[in-house]
Every structure is written in structure tokens, then in C-alpha cells.
Amino acid sequence: MIYPNNAADKLGFTDIKQLIKGYCLSPMGQQMVDKIQMMTNFDHINKFLSQTKEFKDILQNDSPLPIQNFFDIKKLAEKARLEGAYLSEEEFFQVSLSLSTVFSVINYFNTREGQYPNLEALFEHLPIEKSIIRKIDAIIDVKGKMKPNASKELEDITRGIAKAEREAHRKIDQIFKSAQSNNWAADGNLTIRDGRLCIPVLAENKRKLKGFVHDESASGQTVYLEPEEVFQLNNIIRDLEFEKRREIIRILINLTNELRPYVPLIVSYHGLLTKLDFVRAKSLFAIEIEAEMPVLIREPELNLVNARHPLLQLTFKKDKQTVVPLNIQIDEQQRVIVVSGPNAGGKSVCMKTVGLLQIMAQAGLLIPADEHSKVGIFKQIFADIGDDQSIESDLSTYSAHLSKMKYFVENANSRTLILIDEFGTGTDPQFGGPIAEAVLENLNQRKLRGVITTHYSNLKIFANVTPGLENASMLFNNLEMQPLYILAMGKPGSSYAFEIAQKIGLPSHVLQAAKNKIGEYQKKVDTLLVDLERDKKELLDRKVAIEKKERQVKLLQEENEKLKSYLDENKKALLKDAKVEAQNIIRNANKLIENTISEIRETKADKEKTQNLRQNLQIELKKHEVKAKVSKSAAANEEIKAGDWVQLNDSETVGQVIDIAKDNVILSMGNLRSVVKLNRVHKVSNKSVPKEIRKASYSSGMTESISQFSPEIDLRGRRGDDAVNEIERYLDKAIMMGISSFKIIHGKGDGILRKLIREYLKKYSQVNRMEDEQADRGGDGITYVYLN
């Protein structure tokens, strides 16, 4: 229940329903949108939310649902229910198209059984009666007209009409040519008058031809005559036409009689189409406002994370602005939030956002908030927003407020959500403040939940000392005199009346006079609130800076861990290779020595032969000789610059220099980047770097990437998130390689994937413009992207 009746209008819920109706394909869907209202049954709410979420997933991540034709077949079914009534050819055609859509939708979900359980429940136990379509298709063609062979009688009649028309045309052509040759005919061709084919004859010659005059020209010089010989043939054709119409009606009556037993099933099919249109419209609206399904709980509580007012978000979206998100929690400990702060600081928007999103969620609509937000169930929502004075009811503004307060006090309970804007205003603050405080105390005793906005200091103090009430304020930059639109829980806010008046330009002597007129205590309280606001903003800024540094430290730690892991693996691999190489050298050396000794023995120590064998041993030794390391002092004298290859002094690790910053050098080692001290590395020649490491360098990889890069990417059938991730990687490569343009194939469908991709690409300043492909080459199923 929502009180008063106009509360939904003032919160913007009526506007939300109007926007959803714009996404409906049929009047039946729009009628269902008009019936949307706040529900209190947990299972019903959860079902409607889940259905909308599943349909949203289909629109964003799956193949398009085959929904093409929506007709109000319920009216047609009710017409067919009456004995003696029959449906027309066009009406049967509409039934056939609608049922084809129903069966396609059911088949769509059957191939995805279990993937969308809440949507599948819409047609659970609904049989597929294809005999209805078969009966209709047997007599109605693809253009919605009766087939000539719908019955043997109709086929004979149609053939007779065609034969008589041919004979009539042959006869009248013959007479017309004869009249022309005798100069009896007027200028012109054969024409139709009163549904009869006539010859244009000069008025003075009309008695020279036997026949019937059906019309004459405006000047009276030409008459339109139907020859007597053709008259009988035309009468035969007309009789056959009447007979054909009677036969068509007979066929339609028989077909209607055959379909009459299926009327309840057709009504059920109509219900499925209407619900699909309804859920589809809600899902499209959810995509437009970037809505998600919150966590639904049974308790009367809520915790909104990054919530946005949907109407405000749509307005800002047109102006390419962003809404500052709202974070607010209402539970057993902090039941009523008392929001204070400057005028135009966002207090009312905060309160209306809470009320509107709560109504939307309980009406089965997804809300523009983080999916981890929690929304409970309230039995009643009471709102006091704006001016409800009434001359007819003899109510002033304040009287109207008091009337609502009376209703609140009498009817509120622990499952009520109250929303009160500018609590206590409309009368003398000296009396309005205490009355508002007494009402708030009574409401708090009833354990209800709510959001209240106010400027009254006594309400801020009362909320500060009363369990169940929680102060909150809209943050304000008192240095720049600008609202931040951020809700801060736990403390009241200043109205900044004097500061705003000073910024507007109110004379200083007037401001001073005003300050002198307020009490010293009130002045101290307001000053304290301003100081608290400033201190809290400083703490918030510091907190943000610390969190940023912590993220940077975390990234550095992760990079160091990766580097350590890479070095450990590299070290193990080098040791393993060295051991294998040593073993091979030893085996080869043993063989060489054995062969040398054997040959010396065979040659009986011939001097010349012995020298040759010794030389062979020296050659083999030089092959495996370890070169002396370049001294660090000498290496240090060589200047290191970007692009050089260097080696760590205390290991065999090699990397390429990306950049040099003061005493540090940034190295690329495979896919890793590392920063080391300049005195820890020494320059090595390119030749000494293994080929496999050089091939993995940035420049080689870039050349290879450019040669393999395709200026076309196909995203058809991809889910939304996958498509965006693929585009992000592809765009990075294109920008890095200096590509001027590329083509994205995303398909047409409902245009969801096309819109998602284009919205994402607009965020990049490197994107100059986007265009559709030519119509004959794919049209809006392909997007051309041009880079700066």
C-alpha cells in the first residue's frame, strides 16, 4: 500500500511506467504495464525480478528471441467462441502468425532447457497444438488471402470466373477494334465503369453499337458503353463472384467451427505473448538505466550500493553527464535516517531515490544499483513530499502536512517505510520544530523505517541521542561553495545558509546583522558542523590517497613475485641445461682420450702423429673454453641506453632496456617488466644474446603482430561481456600498431550488441568516429571504427 494516492506520482513511479510502455510491441503489453503495482508477497516479487533478469541476459548475451508478430488474438478467440460467428481471412492470418511466434519461442527455450527457469515457467504445461496452424495454412496463403484451391467448389468457381473473364476480354477487344476501324470510338482505351468493362464511344455514334451506356465524360462528347454481347458474359462473371463469396464464407465458417474447441488454448497462447512483451519491455528499460537485480530479503530493510535515481540518470545520460551514486543502509539498528545539509545539496533526491527504488523492486522491476544491494519487503510506504494545500478542502500547506502526520502516527508499524521531505516546515520554526520532534519520537517507537530530510537543529540533536535514529548529511565543499551530492552517514550537516548567502552576494552588513540576531549557542553549533564537514572531507581525501597507494604497493608486490618466480624458473632451467651439457662434454672427452690413446698405441708413438693428436685435443678444449667475464668496472664505462641488451651482474639473466630513470633501469624480460639499479647490470652485445630471447623481444613481436593483424573482427553470437573484452584487446593492438580503421561485425538482431559496443568505444578519445556499413553490404549489422 502506498499513501497518499499521489505519492507514486511524486516519487516518479508513474513516469517509470510510462517509459516502460514505450518499449512494448503490443497494446496488450502496455495494458499489463499500466497494472504494475507494488507487491508484498516475497515469492511473487522474486519471480518477476528473476524473469526480467533472465530476459535481460538473453538480450545482452544470447541469440535474439524470435518475437516478430503480436496481435490481440484473445479478441479473435472470443469472437470465434460464439456459435454462428466466423473469423475473416485477415483474422485467421493474424492467429496463424501469432501462434507461429508462440511455437518459435517455446522451441527457443526448449533448446536451452534449464538455462532460463523463470521464463520457462511462463509456458509450463502449455501444449504445442500445431494442428491449428495446419488447418489455417490449408486455406490461407502467406499474404493472408484465401487459397484458390481451399475447396473443390471454390477451385471450380475460380476457374469459371477466369474463363468467363477471358471470353469477355476477347469479345470486347474484338468489338473495340471494329469500332476504332469505323471511327466510332473516342480517344482512349477500355475502361471500367460501375464495375463493368466499357468502350469509350463518341456520343454521336452511340446508337451504332448495341449495348448499355454506363457513364459519359464531363463534356458529354464521350459515352462509356458496354456492348450487348459482353453484357451477358459480365453478368455471368458477377454471378460467379457472388457464388465465390458465399463459398469463401462457408469455408471460413467451417474453419471457425473446427477451431472453436481450441479457443481456451488460443487464449492461453495470447497470455504467453502478452507476458513476453511485458517482460521484454521491462528488460529493455533495465538495460537503458543500467539496472541490476538486487538481493531480495524478507526483512523490512534495505542496503543500496551505488544507487542512482533512474529518471535523473536518463536526463544526465542525454547531457553526457554521470550521476553521483547513493550508498545508504536502513536496518534494525539505524531504522530512520535523518538527512540534513545545504539547500540544493541532494537531500530530496536521496530520499526520492530510496522511495522510488523500493517501489520499483517490489513491483518486480530491476533497479539502477549494484547487484549486491539488498532490498527488503515493506507492507506500506508513506510519503509526505511537496505542497498538498487544497482550497477545496480548506487545507493550508502546514495543515496538509499535519493531516499526513496524523495518518502516519495512527497507521504506521514495523513494516512501514516513511519518506518525509523538509520535516516540520510550513509554520513558525519555534513551534514546528518541537511538533516534528514529538511526531518523530512517536514514529520511532513504532519501529518503522524511513528517510527524513530537515534543516531543524532540534531534530539533528534528537537523532544523535535516540536509538534507532541515525544522522546523515549531504557533503559540501565549503571552500568552493559547491555541493558534492555524497551522503555521509553518522553526523548531521550544516545548512550553510550564511556561506551560500555570501556566495550569492548578499551585502556583508545584512549578513552580519543576521548573525547577530541568532543565538550564540546556535552559531556555535552551526560553526561546529561546518568544521566537522571540512575535517571529514580531509579525512575522506586522505583515505582515498592511502587506498590508491596501497593498490600501487600491491601491484608492485605482485610484479616482484612474478619476477622472482620467473628468475627461479630461469635459474633451474639454466642449471639443468648446464648439467646436461657437462655430461655430454665429459662423455665426448672420454671418447676422445680413449681414441687418442688407442691411435698413439697403434702408431707406436710416432712423433708427428702424436703432435697431430695433441692439436686435436686442444681444438676440442677451446670449443668448451669458458670466456672470462668482462670486469664490472670496464662494463660500467660503457654507456647504457634504451634498446641495449644487458645482463644482471650476479646472475645469467638477460633483458632489454626499455628506459632509464636516474639510477634505475627498466628492463623487459620476456613478458615481464622489472626495475633494477643501474650499477647491478652490465651491457652485453646483441650476438651474445640467445636467438630465442631476441625473438621474444618487443620489436620482433610487434613486427609479427602487425603482419598477422586483421582489420576485421567478428563478434556475432558473443555474450555482452565477452564481446567488450575482445574489443578492448583488439582496440589496444590497433592503437599500438597505428591502424587507422577497422571493421566490427556484430549482426543486427535487436541492436543490443551494436549499442553496447558503440557505447563502450565512445569512452576512448582515440576513436574519431563510427559509421554503419553500406546497406547492400551489411548495413547497421557492421560498424566501421576510425581512429585518430
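The expected span of a helix is 1.5 Å times one less than its number of residues. The model is predicted: local features need pLDDT of at least 70, side-chain atom pairs count only at pLDDT 80 or more, and totals for chains, interfaces and linings use all residues. Residues are numbered from 1 along each chain as its sequence is written, and side-chain values use heavy atoms, with hydrogens and water left out.

**View A. Helix α10 spans residues 228–259.** Helices (H or I, at least four residues) and strands (E, at least two) are DSSP runs, numbered from the N terminus. The 32 residues of α10 should span 46 Å, and its end C-alpha atoms lie 47 Å apart, which agrees. Buried residues (under 20% relative accessible area, 1.4 Å probe, protein chains only) of α10 include V230, L233, I237 and L240.

**View B. Seven strands form an open, mixed sheet.** The order is β1-β11-β12-β13-β9-β14-β15, where pairing requires at least two DSSP bridges between two strands. Strands β1 (2–3) and β15 (482–489) each have a single partner strand, so one side of each is left without a neighbour in the sheet. Strands β9 (334–340) and β14 (468–477) pair in the parallel sense over six bridges; I337 stands opposite E470 in β14.

**View C. The largest nonpolar core holds 107 residues.** Such a core is a set of buried Ala, Val, Leu, Ile, Met, Phe, Trp, Tyr and Cys residues joined through side-chain atoms within 4.5 Å. F13, F109, L304, I328 and M360 touch the most other members. Helix α11 (263–288) supplies the largest share, 14 residues. A second, separate core of 20 residues includes A436, V439, I452 and Y456.

Definitions and conventions
Buried < 20%, exposed > 50% of the residue type's maximum accessible area, 1.4 Å probe, protein only.
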